[in-house]
Amino acid sequence: MITMTGEITHMPDNTSSREDFFDGSDFWTVEEEDVVERPLSLFSNMYSFDMSKITGLEVHDRDHSRILSQDDLDLLPDRSSLSDTSPSSPFAKDPADNNIQHFTCKCHGSASIDQQSGSGDPSARHPSTNPPIHSSLLCCYNASRHSTVRNMFSGKSLACRQQLYETLPSGDAFRIVEILPGLYDDPVICRLHVTRITDAQMSYSALSYTWTLDDEDRFMRRANMPPPKESISCNGFDVSIGKNLFQAFRRIRQPSTSEMIWADALCINQEDVRERTQQVRKMSSIYKNAFRIVVWLGENNRYGGDPCTEFSGLCRIVNRWRERGAQSVRVPRASYSSRYTGRVYDTCDEPLDADDDIWSDIHQFYNLKWFRRVWVLQEIALARSSMVLWGTFEINWEWIGLAAAIIRVNYPRLTALREDSQRVGPYSYRPTLNPRAVPTGILNAYFMYRISRSQVYFEAPRFIFHQLLTLTRQFKCKDPRDQIFGILGIPTTDQSPAQETPFILPDYTKSIAEVYQEVANRIIDSSGSLKLLSSIQRPAAHRMSDRDESDGYDDGLPSWVPQWRFLITETLSPMEPSAAFDPAGGQPTKRKHDRDAGALVIRGIEVDKISFVNRRLNYLHFTKQFNNHDELESNELQASHYLSQSDLEYLALTLTAGRDWYGLPVHNTANHLADFAKCLLDNSLRWSLLDSAFGAEDGDTTPTRGLDRSASSTDGASGPGHSRPPPVTEEMLQRLARNGRADRFRDSVATTVGSRALFTTASGLRGIGPETMDEGDVVCVLYGANVPYVLRRHHVESDGYRVIGECYVHEIMRGEMVQRLSQPDSGVRETWIKLV
C-alpha cells in the first residue's frame, strides 16, 4: 500500500485542478523490473494510491542523466497538447527543448509490496528481493502520456545544487545513495537523496566495509602512496571514492532496478567536522532502521584466500557441529551461494580432524581486515539481518559468527591451527604475541556474533561501557577518538533506560586527549570503581622505536587516563567480581578533590618496593628445558629447589595471574596445579622454578619469603607449630599431574605473560606486572580496584605517582593488606595517593 497525504504546491500551467492533474488510468504507469511502462490499472492488485501531497517538482531529460532547473517548467506543454506527439507539437517548437520529456513531482509516502500475495508482509518475501519501500516517491508526468512511479527519497531538487553536499536539515536528516541500474563493467552512476531516518525505516540497506583492504594497505606502506581511488558519477558530479567502496557498489548494483544504500564515506560529508559529529550521533539509528546490513569483504585477493573454499569450510564446521550436537532441529543447515547464478552450495558432514587443512583456511579468513575494524561492531550488532558478500559469493552472517563461536570454545584441541599460525610464508599470518593464544580475528568474530541483535542461539551479554571498551580494544580505527565513538551505539547497562543517550556524546571538535579524559572521568563517576586503571598500557621503550602502533603515545596526558588506541597485552582484571581478585578487601573507592584538574587523588596502601625485574618473557620460555637438560631426576629436583606443594600452587597461580585457559579466575586450584605439574613433567616451564625467573639471582631470595601462605596452602601440615612441608619430588609430580593437561596450562600462561615481566619485591613477594616497571617502583593496593598496581614517583620531590600498570601478587589478592591494618606493629598504613 502506498499512502500519501498533504497538499499540492505546484502544478503545470492549464492544469485546472488536482483531479485533472491525476486523471486517467493510462496516464500513470509504474516501472517494474521486467516492465518498462504499463498503465497503472494493470497493477491495481499490487498498489493503491491516495495522493494528496506534492512537495516539489523536478525536470529531467529522457535518460535522467541531466537535470534541468525549476525555471524550465515553463517549457512544459499544457494538458491538451499531450495527445500530439508529432513533430508539429508545441513540445518541438524549439529544437533545444527536444530532450524535455517529463516533469516530476516529489511525494512523501510509504509502500510495501508483496509480489507473491500482495499482503505486504516483509517476512513472506524471499531474502533476495528488494526490501519494502518506506520512503518518498518520485512521480513523473511524461510528455508522451506515460509516467513512472519510482522509489526515491525526498529532498532539495538536484537541479538546484551547485555542489555535492549541502547542509543537512536539523533533526534526524541523513543521506541515502541510490545506485542506478547497470551491468558490472558499466560506469557507476548514483544519486544522493536527503530524507529523515524515521521516514526511511526498512527502505534501505546499510553497507559495512573497510575503506581499504589488506593488500592496499601493504602497497601504500611500501610505496608511501595514498589510498587508491575510483571515479563515479554522483548527482552529476565526478566523485572519487575508495577502491573498495567502488567495487562494493559494482557488486551490489542490480541490472534493472536501483539499490538504496547507506555508506558512510559517501553519505557523510567527511570534510565537514560538524556534520560528521551529527551523523555519528545518529549512527545507531541508521543501522537499526536499515532493512539489512550488507557486509562487503572485498574482491578476491591473495591475502584473504578463496571465498568458495573458506565459505565452504565455515559451513562444514557449523553443519558438523549441528549434527554431532543434536542441533539439527533447532539450527538449519549452513550454506552459501553465488550472487549471480543463485546456485546454493551445501557441504558434506565429514569428520573434522585437528590436522585438517580447513583450519588454516579458516584462520586466514578471520584475519581479513573487516574483522579488525572498530566501526563494524555496532554495524553488525544493531543489524536486523546481515548478508556477507565476498567477491561473487554470499553467505549469511549467522554462519560466520556461529563458526567462530564453535572454534572459540574448542580451540585448545585445534593444535593444527596453532602450528599453521607459526608458518611464515610470503602472505602468511604471523601472530603478534604468541601462537598459543586464540587468534584475534576469531575472538573478534565470536564477540561480534554474541552481541548481534540478529543471532538467536545465545543470550546476548550485557556490559557497562568500560567493559565494552575493554573487550573491543583490539579493534582498529584510523582516528583514535573512534575507539570510543565507534561503539557508542551498542547498548550498555549504564546508558539511559531508553538507550537514546550514548555514554558520552561524540564530538570531533574535541582533541584526542580531551575525549580520553572525558570518558575516563565518566567511567569512574558512573561505576564508582577504579577498574579503569587496569586499562592503562604503556609501551616499553623498545616498542616506542620499532612498532608503528606506539607512534603518538601522549605522555602529556595524566597517567591514570587510558590511551585506548594502544593494546600491548590482555588485562589481568576479571570482568566479574571474584573473591580471588579483591586486594582492597571490599573497600570502596575513596576520592577527594585536588586543585590540579589532571590529578586523581584516591585512598590506598603502599605495599612494597620492587627489587628485581625479569623482562625476558617470550614464547621460547614456554618450552625451554630446565637447565638445558632433557630430564631431571627426582633427587635433583629436590636438592636444587626446596619447593613444597603450596609453593608450586603459588607459582602456578602467579604465572597465570590467577586465571585459567579461558581467561576466567581459577575456581579449581587442584586442577590448575595438575595442569602445571603436567607441564613440568613434560619438561616445559621448568625455568619458572629458578629464583632468576623472578629477576633475583639464584639464592638471593626464596619463594617462601613475603607473607605467610600457609593459610591457603593445600599441604596438610602448615601454620604455627608445624615443620616445613616436604619438598615435591618427581614421584609427587606424577601424582599431582593426574588428569592434568599441559597444553591448557601453557595456553593460560601464553595469554598472561605477553609483554609482561616477573618481579620480586624487597620483602620477597613475587608477582607479574607490566614490562615497563623498574626497580624502585611501588606495588600499591587502591581502594575500589580488583588488582594491585605498580606506581612510580613522578619526580624525586613530587607527591604524585604515575601509573605504570596492573599487576598480580598472589599473597595480597584477597584483602590481606587491609586485614593487616588492624594488626599491631604490622607496618601497614593507608594513605592518600595522588595519581598524575
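Predicted model: local features only at pLDDT ≥ 70, side-chain atom pairs only at ≥ 80, totals over all residues.
**Buried loops, helix faces and cavities**

Asparagine 683 is buried, with a relative accessible area of 14%. Asparagine 683 counts as buried because its 14% falls under the 20% cut-off. In the chain, asparagine 683 sits in the loop that runs between helix 20 (669-681) and helix 21 (730-736). Its backbone deserves a remark: asparagine 683 is not a glycine, yet it has a positive phi of about 60 degrees.

Is methionine 202 buried or exposed? With a relative accessibility of 16%, methionine 202 counts as buried, because the value is under 20%.

The chain has 836 residues, of which 56% count as buried. Its secondary structure consists of 23 helices and 24 strands. As for contacts in the chain, take those between residues at least 6 apart in sequence: 74% of them join residues at least 24 apart.

Strand 7 brings me to cysteine 190, which has its place in that strand. Cysteine 190 is buried, and its relative accessible area is 1%. Which residues does cysteine 190 contact, once its neighbours within four places in sequence are left aside? They are Val177, Glu178, Ile179, Leu180, Ile232, Ser233, Cys234, Asn235 and Leu266.

Aspartate 186 belongs to the loop between strand 6 (173-179) and strand 7 (189-196). Aspartate 186 has a relative accessible area of 33% and is therefore partly exposed. Across 69 residues of chain, its C-alpha atom is separated from that of proline 255 by 9.9 Å.

I turn to the cysteines and disulfides. How many disulfides does a search of the whole structure find? The search finds 0. Cysteine 267 is thus a cysteine in no disulfide, and the nearest cysteine sulfur, that of cysteine 234, is 8.3 Å away. For a disulfide, the two sulfur atoms would have to be within 2.5 Å. Cysteine 267 is buried, at a relative accessible area of 0%. Cysteine 477, by contrast, counts as partly exposed, with 25% relative accessibility.

In helix 8 (residues 358-366), the buried residues are Ile358, Trp359, Ile362, His363, Phe365 and Tyr366. Why do they lie on the same side of helix 8? They do so because the arc that they cover around the axis is only 160 degrees.

Helix 3 (residues 243-252) is mostly covered, with 9 of its 10 residues buried. The buried residues of helix 3 are Asn244, Leu245, Phe246, Gln247, Ala248, Phe249, Arg250, Arg251 and Ile252.

My last topic is the empty space inside the model. Rolling a probe the size of a water molecule over the atoms shows where such space is left. The count comes to 7 cavities of 30 Å³ or more.

The largest cavity has a volume of about 140 Å³. Which of its 14 lining residues are closest to its centre? These are Ile536, Gln537, Thr569, Ser755 and Pro770. Strand 23 (residues 800-806) supplies the largest share of this lining, namely 3 residues. Sorted by class, the lining of the largest cavity comprises 4 nonpolar, 6 polar and 4 charged residues.

The second largest cavity holds about 90 Å³ of space. Its lining is made up of His466, Gln467, Thr470, Lys531, Ser534, Ser535, Thr571, Ser573, Pro574 and Met575. By class, the lining of the second largest cavity has 2 nonpolar, 7 polar and 1 charged residues.

Asparagine 683 has a positive phi of about 60 degrees and is buried. Thank you.

Technical notes:
Residues numbered from 1 in each chain as written. Heavy atoms only, no water. 1 Å grid on protein atoms, 1.4 Å probe; cavity = no way out; pocket = protein on both sides within 12 Å on 5 of 7 lines; lining within 4 Å. Points joined across faces, edges and corners; volume = space filled by probe spheres on them. Helix = DSSP H or I, 4+ residues; strand = E, 2+ residues; numbered from the N terminus. Nonpolar A, V, L, I, M, F, W, Y, C, P; charged D, E, K, R; others polar. Buried < 20%, exposed > 50% of the residue type's maximum accessible area, 1.4 Å probe, protein only. Arc of directions from axis to C-beta. Contact = heavy atoms within 4.5 Å.
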